[in-house]
Protein chains: 2
Amino acid sequence: MSQAALSYAESKRDAHLEDLKALIRIPSISGMSDYHPEVRRTAEWLVTHIRTTIGIDNAKVVEGVALPLVYAERIIDRSKPTVLVYGHFDVQPIDPVELWKTPPFEPTLVGESLYARGAVDDKGPTLAALKAVESLLATNNLAVNVKILLEGEEESGSESISAYVAEKAAELACDYVLILDTGMIDKDIPTITHSLRGMTYTEITAKGAKGDLHSGGYGGIAPNPIQALAWVLSDLKGRDGHINLPGLYEMLRPLSDEDRAILQRQSDERGPAMMAAAGLTSFPGEKQYSPMERMTSRPTLEVHGIVGGFIGEGSKTVIPAEAKAKVSLRLAPGQDSMKVYELLKARVKALAPEGVEMDVVLLNGGEPLLLPLDAPVLTIAAEAYGAEFSQPVEYVRGGGSIPVAALFDKHLKAPCVMLGFGLPDDNVHAPNEKFHLPYYYAAIRSCIRFLHRLGA
Amino acid sequence: MSQAALSYAESKRDAHLEDLKALIRIPSISGMSDYHPEVRRTAEWLVTHIRTTIGIDNAKVVEGVALPLVYAERIIDRSKPTVLVYGHFDVQPIDPVELWKTPPFEPTLVGESLYARGAVDDKGPTLAALKAVESLLATNNLAVNVKILLEGEEESGSESISAYVAEKAAELACDYVLILDTGMIDKDIPTITHSLRGMTYTEITAKGAKGDLHSGGYGGIAPNPIQALAWVLSDLKGRDGHINLPGLYEMLRPLSDEDRAILQRQSDERGPAMMAAAGLTSFPGEKQYSPMERMTSRPTLEVHGIVGGFIGEGSKTVIPAEAKAKVSLRLAPGQDSMKVYELLKARVKALAPEGVEMDVVLLNGGEPLLLPLDAPVLTIAAEAYGAEFSQPVEYVRGGGSIPVAALFDKHLKAPCVMLGFGLPDDNVHAPNEKFHLPYYYAAIRSCIRFLHRLGA
């Protein structure tokens, strides 16, 4: 009976909040090396907490390539399903710190919102999943095997966990992965993310003359690497949003009519608000597809940064020797990040104009992910999670990427269940991050129900 | 007779060198405000020198908008021609200072080269012109009216002289302008620059959403200002070097067959060395025109700098709200910098893609300049200057711009005679700047002959 575990959780509301506050108070910024001791301290705090409070005494710090991981497992019966619970305990930097209205690492409750860096991303949801395990263990109701794998580098590249999952796939073997690190499309709308895009993130370098030239001496006869980048970027993507990379669209897994209808509905529902939030009056791009289809289920190419030549104040008539651009493709289910990288690299080199050498370096890659809507685990998750809300569960395809989810998909071949507890206005990665506190408790209860039903 | 003046100059070789060294020792870097007192000290040194040594006692410091000018005049007879001598006494910064082999502001003679910042650009040639006036005055041979106008902001925008020439055109009225601030195409080849390009230098700004967006949330539906710049830059200039700016080429003054033949010959002679110097194996661009024609007598469009989005190490999936590019057109005789700016601005705005607002701000403008090869003063200058060399005078069109020359052309309507005494390897604007010292004396003698013959 999950009721006992739910009652336990109810009785522990205050303690569970205090535990969350304690976890938040450790400033575990993984992207700044000065804070790495704090990331390690957080890992140690979690190990102690899992041993003494959650109730799994084999919890341990696992040394990673860079920062440590936390691992624990409770195997109750090898014939029962195994759930791997994933979360991350590192946080984003706090700059610009002057915009915070409360101290970033002193959790502060204002109304129902708990303000602090890491509150919603991802300490609150991560601890909620652990608190569900605690509640089930404390009441002798845990009916699945649980493996807990937490990382401290989600905000800075996930290097350690990537190596660990690839190496320890056998030890991490599981039937399902539970991830609480996504959002809800709006308040009180339970949201399960069942698809994510992959990514091929590159840096394109264009090199011309052996040194900077003066346009008075070489203007009109020397190659210009910035102009070369403009030509190539323009050739790669047309004004209609179409990406001119032969082979790219052929890899795409077609959407069903049902998928497409959902995306059209979501576009109608969410499009205007998204447009307003960005200060836009239209969504330029592939007009023949709905905005949500483009944003979640079509490959897209974006230039994220570009730099070359003289960028100071005033004028300088240099023809630079080099220019660079950061260019990524978001990939939809069916597309392979390495294959797309090879296509892009070959295409850019072929498009390089006379006198300019171009190279494409892969900075980051990740595969798209898709859990079909008819997967049985989704039904179980939706029941467990939907019980908290009066509105029906919304299934969304995410436009972004969660590289670790693709990693689990690849190495563990286990479906990732992603239950969202973050709100669009939670200021993730920004000043005044917050967590809607009722969702902390809802997350605990949802996970109790989900784990309980999986073991039933 | 110029012989007396030439003999005087010969007798003063040592003194003239010491005067140059004294002038060089004042570190008059106009681009760094810490050195502005030194620029002023240089102006004061010149005023004293012109009064006591050159022999014009009305020399004065003229306060400019920013840094001071130096002015002096000797009117001998209003029926005689008047020559305005221009030069600049400010210098470039000395960074990277560790690459200098001798102290930058301690003139050091190594063989025939005098090493120091400002030695050739432009203290040596400027003082040489003054020494010619000194030699003519000292021997009672000055037969033209002389006006001397020197500036201390040539390396930092020429703001003061620009305002001064526009305001004082009547007082500065002259028949010819003598400028010693150009180069020779090779050692011992006397080089007269008779044409310069103009310039329209702009900054193009592209603005999309009201703030930076995340490509996970908006990739495929939001406008991307970097991509927009790529489209527009690509539309503005084709891979064939043609600038797609309707009206631009129509303004161009056609070249004569003779002009074109000279440019073809110079391309054949100088092209391979220029290619090698830049580490290039070809000159991409408008292949139907010779390289020297393209570089000096065709308009060209170059992107000098570009910046937008994330340019740090690693990857960040931002869709930036804004991107900028510095774009200039070099203009050939016949083209008007403001008209070209208006054409460019209108065209860029017309090419801006959906969702992106683009603006074009003029940072800098200057007009092209052309002294036709059959101008009588060129013949006089070539005789006076060519007497120093065994090879015939080469007439070149410059690809760059000397804004002050265009200014004299516009406000004083006087032809600019530009005699070159700098060598291609003089390291202008770079560490180890030098002046081939024999050309200091050759410059003094050339100016003595030129001024003498103009008054004959």
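A: Let's begin with a term: a residue is buried if 20 or more other C-beta atoms lie within 10 Å of its own, exposed if 12 or fewer, and partly exposed in between, with C-beta atoms placed from the backbone. Helices (H or I, at least four residues) and strands (E, at least two) are DSSP runs, numbered from the N terminus.

Now to helix H12 of chain B, residues 403-411, where the buried residues are Val404(B), Ala405(B), Ala406(B), Leu407(B) and Phe408(B). Just after H12(B) comes Lys413(B), whose phi is positive, about 50 degrees.

Before going on, a word on the model itself. It is a predicted model, in which local features need pLDDT of at least 70 and side-chain atom pairs count only at pLDDT 80 or more, while totals for chains, interfaces and linings use all residues. Residues are numbered from 1 along each chain as its sequence is written, and chains are lettered from A and ligands numbered from 1 in the order in which they are written.

Asn427(B) is not a glycine, yet its phi is positive at about 55 degrees. You will find Asn427(B) in the loop between strand S17 (416-422) and strand S18 (434-436) of chain B. Asn427(B) counts as buried because it has 20 C-beta neighbours inside 10 Å. The other residue is Asp188(B), again not a glycine, with a positive phi near 65 degrees. Its loop runs between strand S7 (176-183) and strand S8 (191-196) of chain B. Asp188(B) has 13 other C-beta atoms within 10 Å, so it is partly exposed.

Next come the cis peptide bonds. One joins Asp95(B) and Pro96(B), with omega about -10 degrees. Pro96(B) sits in the loop between strand S3 (82-88) and strand S4 (108-110) of chain B. Another cis peptide bond links Asp121(B) and Asp122(B), and here omega is about 10 degrees. Asp122(B) is in helix H4 of chain B, which covers residues 119-138.
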